[in-house]
Amino acid sequence: MDQQELEAYFHSLDRSFFIDNDMKKYAVLDTPLPIGFGQTISQPSLVLEMTNILAPEKDSKVLEIGTGSGFQTALLAKMSAKVYTVERIDELMKKAKVRLAALNFSNIYFKVGDGSKGWLEYAPYDRIMVTAAAGVLPEDLVSQLAIGGRMVIPIGPPNLQELQLVTKTDDGGIQTKTVGMVRFVELKGQYGWDGCC
Ligand code: SAM
């Protein structure tokens with residue numbers, strides 16, 4: 001899927017479909033919105049930008065950490081072969097699963113748990129998208145990234161984070177590049193703010 005097709009699909013998605021509270025009426029605004037449990041659906045322009053930076057390909061196996069509403073998951077699943085998505089809040093995951101099934105996706109695999117540790121069973125992944133802010137780069141995610149793979153992850157304190165693009169080189173090392181400044185909810189879990197910092 002090229003850039004134009006991605007944008008066409010992005011604009012065809014009705015964000016209100018991913019929101020089931022009284023914030024629905026604000027779905028057209030380019031802003032994050034509460035989805036319950038202290039979590040948010042991300043700002044649409046940032047979802048598109050992060051997807052472009054991740055650059056999944058049609059044969060990519062993608063790991064997503066932080067399913068939330070499932071909005072970002074839909075874009076990833078449209079662009080790639082398989083998406084493994086992990087969410088720590090069971091109620092959010094259940095709703096996202098129903099929405100994504102209604103959109104006829106059959107290439108998404110769901111897990112409730114601590115995504116800061118990745119999903120070892122299906123590793124390595126060609127692409128990893130993290131949509132919550134980590135304190136440090138989670139070691140397990142780095143080790144589950146394939147050679148030549150790309151990971152997009154916000155790293156930094158709760159108020160403002162560096163959006164980092166992490167690439168795994170042929171010798172298994174990593175290169176990191178800061179591609180923007182963002183503000184995400186905290187990544188929890190072993191490599192999240194409550195586990196490590
Ligand atoms: N991309 C989502 C969307 O489009 O709706 C928004 C994700 S929201 C900003 C971040 C999500 O990460 C929340 O749903 C939160 O529960 C989840 N999260 C935080 N820490 C997590 C962890 N350790 N494992 C899995 N999910 C986690």
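Begin by selecting P44, L46, V47, L48, M50, T51, I53 and L54, the buried residues of α2. The structure on the screen is a predicted model. Helix α2 spans residues 44–54, and with eight of its eleven residues buried this helix is mostly covered. As a general point, an α-helix has 3.6 residues a turn, so residues three or four places apart point the same way.

**The end of α2**

In general, most residues other than glycine have a negative phi. A55 belongs to the loop between α2 and β3, a strand covering residues 61–65.

Select F37 in the loop between β1 and β2. F37 is not a glycine, yet its phi is positive at about 60°. Is F37 buried or partly exposed? Its relative accessibility is 45%, so F37 counts as partly exposed.

Now display α3, which covers residues 71–79. How many of the nine residues of α3 are buried? Eight of them are, and the helix is therefore described as mostly covered. The buried residues are F71, Q72, T73, A74, L75, L76, A77 and M79.

Continue to S80, placed in the loop between α3 and β4. S80 has a relative accessible area of 7% and is buried. Draw a distance from the side chain of S80 to the backbone oxygen of L76: the separation is 2.5 Å. L76 is itself one of the buried residues of α3.

Select S16, which lies in the loop between α1 (residues 3–12) and β1 (residues 33–36). At 17% relative accessibility S16 counts as buried, because the limit for that class is under 20%. The side chain of S16 makes a polar contact with the side chain of D14, at 2.7 Å.

**A cis peptide bond**

Turn to the pair A123 and P124. Is the peptide bond from A123 to P124 cis or trans? This bond is cis, with omega near 5°. In general, most peptide bonds are trans. P124 lies in the loop that runs between β5 (residues 108–112) and β6 (residues 125–130).

**The ligand and its shell**

The shell holds 26 residues, and S69, E87, D114, G115 and K188 are the closest. By class, the shell divides into nine nonpolar, twelve polar and five charged residues. Colour β2 (residues 39–41), α3 and β4 (residues 82–87): each of these elements supplies at least two residues of the shell. Which element gives the most to the shell? The answer is β2, with three residues.

A polar side-chain atom of E87 is placed 2.6 Å from an oxygen atom of the ligand. From G115, a backbone N or O atom comes to 2.8 Å from a nitrogen atom of the ligand. At R88, a polar backbone atom stands 3.3 Å from a nitrogen atom of the ligand. Taken alone the ligand exposes 600 Å², and the protein buries 100% of that area. The space that the ligand takes is the largest cavity.

**K188, the last stop**

Finish at K188, which is among the residues closest to the ligand. Where does K188 lie? K188 is in the loop between β9 (residues 174–182) and α6 (residues 193–196). With a relative accessibility of 28%, K188 counts as partly exposed. Its side chain is joined to the side chain of E186 by a polar contact of 3.5 Å. Finally, draw the C-alpha to C-alpha distance between K188 and R88: these residues are 100 apart in sequence and 8.4 Å apart in space. R88 is the residue whose polar backbone atom was shown 3.3 Å from a nitrogen atom of the ligand.

Methods. Residues numbered from 1 in each chain as written. Predicted model: local features only at pLDDT ≥ 70, side-chain atom pairs only at ≥ 80, totals over all residues. Heavy atoms only, no water. Near = heavy atom within 4 Å. Polar contact = N/O pair within 3.5 Å; in protein donor to acceptor, adjacent residues only side chain to side chain. Areas by Shrake-Rupley, 256 points an atom, 1.4 Å probe, with all protein chains shown as cover. 1 Å grid on protein atoms, 1.4 Å probe; cavity = no way out; pocket = protein on both sides within 12 Å on 5 of 7 lines; lining within 4 Å. Sits in = over half its atoms within 2 Å of the grid points. Helix = DSSP H or I, 4+ residues; strand = E, 2+ residues; numbered from the N terminus. Nonpolar A, V, L, I, M, F, W, Y, C, P; charged D, E, K, R; others polar. Buried < 20%, exposed > 50% of the residue type's maximum accessible area, 1.4 Å probe, protein only.
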